[in-house]
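Hello,

Here is the structure you were going to look at. My notes follow below it.

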Amino acid sequence: MKLLQRHLLALLLGTLSLGALAQEAAIRKNLAERLPKLPPIEEVSKTPMEGLYEVRVNHSDLFYTDAQGNFLIQGNLIDVRAQEDLTEKRQAKLTEIDFKDLPLKDAFTIVRGNGKRKLAVFEDPNCGYCKRFERDLVKVDNVTVHVFLYPILGGDSPEKSRNIWCAKDKGKTFLDWMTRDVMPPSVAACDTSALSRNYDFGKKARITGTPTLIFANGARVPGAVGADRVEKMLADAK
């Protein structure tokens, strides 16, 4: 009897699996035919909402559709019972960066207190949000901040980044500018290949804005979040 039950269960699971594959194939086919400009679909998966499917493109861009691919929804899926933004949570998972994969040799460090906690941040010296972030970050103690200069805003961002990177005390020069508006002084040329590598890494990791924060657990947070949020994320990253 138990053997028969196991066979029936295996048959049922196989049937369900085939059904799921057929469903995914139908969604892929219909959306590709009806929306030829939609980027290639990388994944189709069920959501907690009955009859709604997640469609993932471009690594972390999410859309939602019905079982036949007749409708496409762009926006955030929110679980109102749990008060949780499921889209934001999913994208955060998809965009995580393993801290050990960061090219820390291409960053400089600012250590506060015992420096036990770790944080990496990609910043453009001409980014107003980055300045606001740095002026709030001074409230956070016992942290080592790995700063990646990421001059993507144009203008004299590359020049400022070069002057900061080539300064004798990179951290002080950076903070003087970001928190006190003291212009980085022009300095003798040095090897700035790290800035090019930062750009290449950021492009590959889809870092499209500054500041972008990366915590020790891989969590990525875009934007100028406040000190309270940074404290919480540092605590969660332990």
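**Helix H5**

At the start of H5, the backbone nitrogen of Gly171 has a side-chain oxygen of Asp169 within 3.4 Å. Please keep in mind that this is a predicted model, and that the values here are computed from it.

H5 itself runs over residues 170-180 and is mostly covered, with eight of its 11 residues buried. Gly171 is one of these buried residues, together with Thr173, Phe174, Leu175, Asp176, Trp177, Met178 and Thr179. What do the buried residues of H5 pack against? Their partners include two helices, H3 (128-137) and H4 (157-165). The other partners are the strands E7 (108-112), E8 (117-123) and E9 (143-149). Just after the helix, Asp181 takes a positive phi, at about 60 degrees.

The largest pocket holds about 710 Å³ of space. Of the 25 residues lining this pocket, Glu88, Ala92, Arg220, Val221 and Pro222 are the closest to its centre. Which of them gives the largest share of the lining? That is H2, with five residues. Sorted by class, the lining of the largest pocket has nine charged, nine polar and seven nonpolar residues.

The second largest pocket has a volume of about 180 Å³. Its lining takes in a run of residues made up of Leu94, Thr95, Glu96, Ile97 and Asp98, along with Asp101. His59 also lines this pocket, as do Phe201, Lys204, Ala205, Arg206 and Arg220. By class, six residues of this lining are charged, four are nonpolar and two are polar.

**Asp79**

One more residue, away from the topics above. Asp79 sits in strand E5, which covers residues 78-79. Is Asp79 buried or exposed? Its relative accessible area is 19%, and buried means under 20%, so Asp79 counts as buried. Leaving aside residues up to four places away in sequence, Asp79 touches Glu84 and Leu86.

Regards

Notes. Residues numbered from 1 in each chain as written. Predicted model: local features only at pLDDT ≥ 70, side-chain atom pairs only at ≥ 80, totals over all residues. Heavy atoms only, no water. Buried < 20%, exposed > 50% of the residue type's maximum accessible area, 1.4 Å probe, protein only. Helix = DSSP H or I, 4+ residues; strand = E, 2+ residues; numbered from the N terminus. Contact = heavy atoms within 4.5 Å. Polar contact = N/O pair within 3.5 Å; in protein donor to acceptor, adjacent residues only side chain to side chain. 1 Å grid on protein atoms, 1.4 Å probe; cavity = no way out; pocket = protein on both sides within 12 Å on 5 of 7 lines; lining within 4 Å. Points joined across faces, edges and corners; volume = space filled by probe spheres on them. Nonpolar A, V, L, I, M, F, W, Y, C, P; charged D, E, K, R; others polar.
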